[in-house]
Amino acid sequence: MSVLLSVYELKHAFSHRSLFEGLTFSINAGQKIALIGQNGAGKSTLLKIMAGLIEPDSGKVSRSRGLKIGYLPQTPVFDDRVSVREAILEEANLNEDWAIVGTAEEMMSRLGLNEHDNVASLSGGWQKKVALARELAKSPDVLFLDEPTNHLDVESVLWLEQWVRQTSICVVTISHDRTFLRRTSKRTIEIDRRNPSGILSHEGSYNDFLKVKEDYIEAQLSREASLKNTLRREVEWLRRGAKARTTKQKARIDRAGELASEVQALAWKNQQSTVKLEFDDASSPKKLVELEQISKTYGDRTLFKDLNLKIGSGTRLGLIGNNGTGKSTLIRLIVGLEDPTSGTVFRSERLGVNYFEQRRETLDPMLTVLRTVCPYGETVEFMGRKMHVRSYLDRFLFSGSQVDMDVSKLSGGEQSRLLLARLMLRPSNLLILDEPTNDLDLQTMGVLEECLEDFPGAVILVTHDRAFMGEVCDQMLAVPEMITFSDLDQWEKWFKQKSSDAKPKVEAKALSAEPIAKSESARKKLSYKEKLEFEKMEATIAEKENLLQALDARSHDPLTMASPLELRKVLAEFAVLQVEIEKLYERWAELESRGGA
């Protein structure tokens, strides 16, 4: 495959803190790459450098001639006065770029955007869709996506997944959404100081990468232990006395010093700081909140009606639905920030609520990290005991100069950790978490999952991160339909039915009711022709994949690589065949779900 972009010995620092150094790798046409690493590792900075938006402190970025780049930032910026259409086409020459206009109109249709809406009036999720349409309209050769699923509803995430899988464009994605990465990436690049030269790249699925990473870390730890043993023996020998030292060759003495330096470097690399999360729980009554026959309307619009919902100690409820369908309204009804149009709401006198807001708007960007959790003095009270604020912040990986840094200078993931740090100082028995995983690294998300599992109170979760929701929640409520599901696989099957206009005949139920059945009998049975198609599907896919393998081999043949015209032809055939195979797999899954197996 042709190289689109390469980086060599990149180094960059931020506020006197080194982000990365010595990074060297390349990206090729058509690749689907996941760019991962802990918060503060420099992923977003690296993406901006590759996109040409900022310059590295040192090193070089080489781009192929005429390379068209698309870049979707974490937080898109628009002119408040423009419409959706104007925002998407702001970089196009309307007298020449008719292809861009056509693509823009297609993207607006697919993403459900109204071209006449004012961008400033849209929610964060809808603005993210506008920004995505703006980049896709450029028909780039490589598209850089920085947390593209943040603020998107689950339905839009599913659409984006499918688009990334099928497009021939090279896509490089920073994301904490493990389901998204598993379904879209074919190569993973990780920035981590423990990796050789700070980077680990693996061709293959995201799951394959996790195994490679695990093996690498184990090898590094084993090497550190082995070197420590060798160093210990060398030091013991040197301590035997003057006679032993005089017979020791100088080279061996020098080797002991080299071993000490190598052990120290490995120990630093292998050291891994982990955030410590623990919610302080208030005493929790059996029943915290109960909604009976609740309805909510705004003018002529009814969000939901006759809803019955019980929330008690141990409840783990996930809310799923498009932006603007009523998830936030339901949360406000639960905590008492809004009244229902009809019905009654019971709230326990001992109800204590902690609320993680999606946009982190309660964080003052002008305050320091220290004063955000401790407005006065130098101590905080955590889990019933006094603790120095700097020791407390160290649990959340804020140490040294970061403690006195303004909140505005923190990365998105660091701001999320800071908000968690503040919430954990307040005892509660009901946690409401609205997109808590936005910008968090995968390691911190794993710790948060375990923390919520141990929390004795109730958790209500709104998140587009399906892997996180699947780990935390045992009930999912689809809004506005108010249908309950026991797991996300069940919801996704129902959603695909609904999207294909095969509406499931299920009435809205209270959470105490049984989850809906998987509707196998409701699916249309396979016709005779479809049964034959299913029986031949595996052989058809195998044949196509053999062709794909042959094309891949041709693309690496020196004769092909020496001819740009021939290489372009082979790569075009490769991209078309990839899309065909992807569609075959989707068709196979569809036939299997309708009784083909």
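Ala, Val, Leu, Ile, Met, Phe, Trp, Tyr, Cys and Pro count as nonpolar, Asp, Glu, Lys and Arg as charged, and the others, Gly among them, as polar. By this scheme, the lining of the second largest cavity has six nonpolar residues, three polar and one charged. The model is predicted: local features need pLDDT of at least 70, side-chain atom pairs count only at pLDDT 80 or more, and totals for chains, interfaces and linings use all residues. Residues are numbered from 1 along each chain as its sequence is written, and side-chain values use heavy atoms, with hydrogens and water left out.

**Cavities**
- A cavity is a set of points, on a 1 Å grid over the protein atoms alone, where a 1.4 Å probe fits but cannot get out; lining residues have an atom within 4 Å of a point.
- Two cavities of 30 Å³ or more are found in the structure.
- A volume is the space filled by probe spheres set on the points, which are joined across faces, edges and corners; for the second largest cavity this is about 40 Å³.
- Its lining includes Lys32, Val171 and Phe180.
- Strand 3 (32–37), strand 7 (170–174) and helix 6 (178–184) each give two or more residues to this lining.
- Helices (H or I, at least four residues) and strands (E, at least two) are DSSP runs, numbered from the N terminus.

**Helix 1**
- Seven of the nine residues of helix 1 (residues 43–51) are buried (under 20% relative accessible area), so the helix is largely enclosed by the rest of the structure.
- Among the buried residues are Lys43 and Thr45.
- Gly52 follows helix 1 and has a positive phi, near 85°.

**Ser168**
- Ser168 lies in the loop between helix 5 (154–166) and strand 7.

Technical notes:
1 Å grid on protein atoms, 1.4 Å probe; cavity = no way out; pocket = protein on both sides within 12 Å on 5 of 7 lines; lining within 4 Å. Buried < 20%, exposed > 50% of the residue type's maximum accessible area, 1.4 Å probe, protein only.
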